[in-house]
Amino acid sequence: MKIYSRYAKKYWYSFLLGPFFMVLEACGEFILPYINANIIDKGVAKGDVNYIINNGIIMALLAIAMMITGILGANFSIRGSSRLAAGVRADVFRQIQKLSFENIDDFTTGSLITRITNDITQIQNFAQTLLRGMFRSPVMLIGALIMSFSMNMKLAAIIFLVVPFLALAIFIIIKTASPRYGKMQKAIDGLNNSVGETITNEKVIKSFVREDYEIKKFAKINDELVEKSTSALKVMLFMQPISAFAVNATTLAVVWFAGRPIMIGDMEIGTLTAFITYLSQVLTALNFLANIVLQGTRAAASHRRIVEVMNAKIDLNDDMAQCKDKTVDRGEIEFCSVNFRYFKNNKDNVLENINVHINAGELVGIIGSTGSGKTTLVSLIPRLYDADQGEVLIDGINVKDYAIESLREKVAVVLQKNTLFSGTVAENLRWGNENATDEELVEVAKIAQADSFIQGFPLGYESDIGRGGANLSGGQKQRLCIARALLKKPKIIILDDSTSAVDTVTDASIRKAFREQLGDTTKIIIAQRITSVSDADKIIVLDEGKIVGVGTHNELIKSCMTYQEIYYSQKDKEE
Ligand code: ADP
């Protein structure tokens, strides 16, 4: 609850004024029927026009005052609940930024999106209803009860026949709806996962002409959401008719039992009208309270999902780091008996007994078939994941002992499919270092062989690259990503198949520039093509998660079977 109370305190005026004005408005609700009864009994019955006009004016003024306080109350409630939701959303977002890849894999991206949007909206709706009704409804309930009992004890007692019936109905509704809400939110997770995957991969879907398949897949998930939400929300449908029945049954009973007193002159028509109004106010207040409880049930399901994120054990942090003040200043890397698997209850390791040493400043190639563990191996260097057994050392210090931020500051990773953002070339490059000068931009772009095509754009470095780099070719995007990473001035740079869309001549020029101008930086290049790594100081060959060879091209071509196989299969294709 602390996540909410912080914001309730911060925006205390809305949280105070919202309910305050709503209670004021409720007070008017008691007075109106009373004046109305008097107009009927004293004004209409006796033909006193002045009385009717005077009291009519009072009624009109009161109605205006109620309208103003009602609007103010609703306004503060909306403001308070929206601010509360915005605050919680920001906190959840901050927490998501801290989550490790493993945490994100566990939650799934779609579920995190639902939690930060739909689930928080449920909390916001509940908070709004709460602010509007939490004091207003009890005040209205008690006030209307007092008024009706003071008018006629016996008749008012009828209400106690209806209350247990209403309470039982609400109890059954809540019991049934509660677990269904959880399932409904889960179905929204599935929908978000599917939409996210489809939209980000729209190009692949189109190129494989798989639109129909995706539409069918989506329809299935969409139907599931319909089923789950219908199942949860239809329970709520019972609430309206049940409370309408309660109001009508009570009114009927009151009219039935009031018939005799009215006939014998014990009760006046105006009093009966007011009495019925008070009783329906009692039931409306009860109805609103029930609604708070029902919405609360829904919000509780969402609350549990938000708390799960906020309390997620971040399995990758630097709380226990021993050398937080140290930075990576050479770039020497050592893997000592490293084992790793993504799913801890899987039997097989994705990386098995990895032992390798990389000197500072070396250019190292990593080669191996798809799925052999190349990406996984390099992700242990900037601690995107942690080794399960063994150690990864940089400059002789375990990666777990650096402050994560300073470690990642010095280890740059360029993925095959990296993301660029809307904006200019320069803005995108400055993601690597926002304070970089124009000269520095040109310098890194030259190393990444991007300068010449950037200069070819009409506005050069100030050219807009479109959404996600839509105006660029695949190879141009990759080169911009390499330049962006270089701007961080890393001590270790990892290219994970990040020149796959670049032609072989440019690819070789990038490596040449890396070798000549980044002498102090350790360079790790994961590649599919052997030609991309054959001039490396050292090549690591991976097969099914194990290192099956380390050496130069000439050494491996003689000693490593896997390397030979890759070499000859690629050579055959070239010929
Ligand atoms: P490579 O880079 O050589 O193609 P990867 O390191 O990407 O290989 O993958 C090695 C193995 O780990 C593969 O079997 C792959 O399916 C699995 N894997 C990769 N990433 C994940 C992940 N995030 N969750 C679960 N398994 C994964």
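Tutor: Of the 575 residues of the protein, 47% count as buried. Keep in mind that this is a predicted model. Its secondary structure consists of 21 helices and 10 strands. The radius of gyration is 35 Å, well over the 25 Å that the globule rule gives for 575 residues, so the protein is more spread out than a compact globule. You can see this in the C-alpha trace too, which spans about 115 × 55 × 50 Å along its principal axes.

Now let us go to the ligand. It is surrounded by 13 residues, and the closest are G371, G373, K374, T375 and T376. Sorted by class, this shell holds four nonpolar, seven polar and two charged residues. Which helix gives the most to the shell? That is helix α13, residues 374–379, with three residues.

Look next at the oxygen atoms of the ligand. G373 comes in with its backbone: an N or O atom there lies 3.0 Å from a ligand oxygen. T375 uses its side chain, where a polar atom lies 2.7 Å from an oxygen of the ligand. For T376, a polar side-chain atom lies 2.4 Å from a ligand oxygen. On its own the ligand has 560 Å² of accessible area, and the protein covers 63% of that.

The partner of β5 is β4, residues 389–394, and the two pair in the antiparallel sense over two bridges. Within this pairing, I394 stands opposite I397 in β5.

Finally, here are two backbone details to find in the loops. Most residues other than glycine have a negative phi. T108, in the loop between α4 (101–107) and α5 (109–133), has a positive phi near 75°. D497, in the loop between β7 (492–496) and α19 (504–517), also has a positive value, near 55°. Are these two residues buried or exposed, or partly exposed? T108 is partly exposed, with a relative accessible area of 29%, whereas D497 is buried, at 9%.

Methods: Residues numbered from 1 in each chain as written. Predicted model: local features only at pLDDT ≥ 70, side-chain atom pairs only at ≥ 80, totals over all residues. Heavy atoms only, no water. Near = heavy atom within 4 Å. Polar contact = N/O pair within 3.5 Å; in protein donor to acceptor, adjacent residues only side chain to side chain. Areas by Shrake-Rupley, 256 points an atom, 1.4 Å probe, with all protein chains shown as cover. Helix = DSSP H or I, 4+ residues; strand = E, 2+ residues; numbered from the N terminus. Nonpolar A, V, L, I, M, F, W, Y, C, P; charged D, E, K, R; others polar. Pairing = 2+ DSSP bridges. Rg over C-alpha atoms; globule rule 2.2 N^0.38 Å. Buried < 20%, exposed > 50% of the residue type's maximum accessible area, 1.4 Å probe, protein only.
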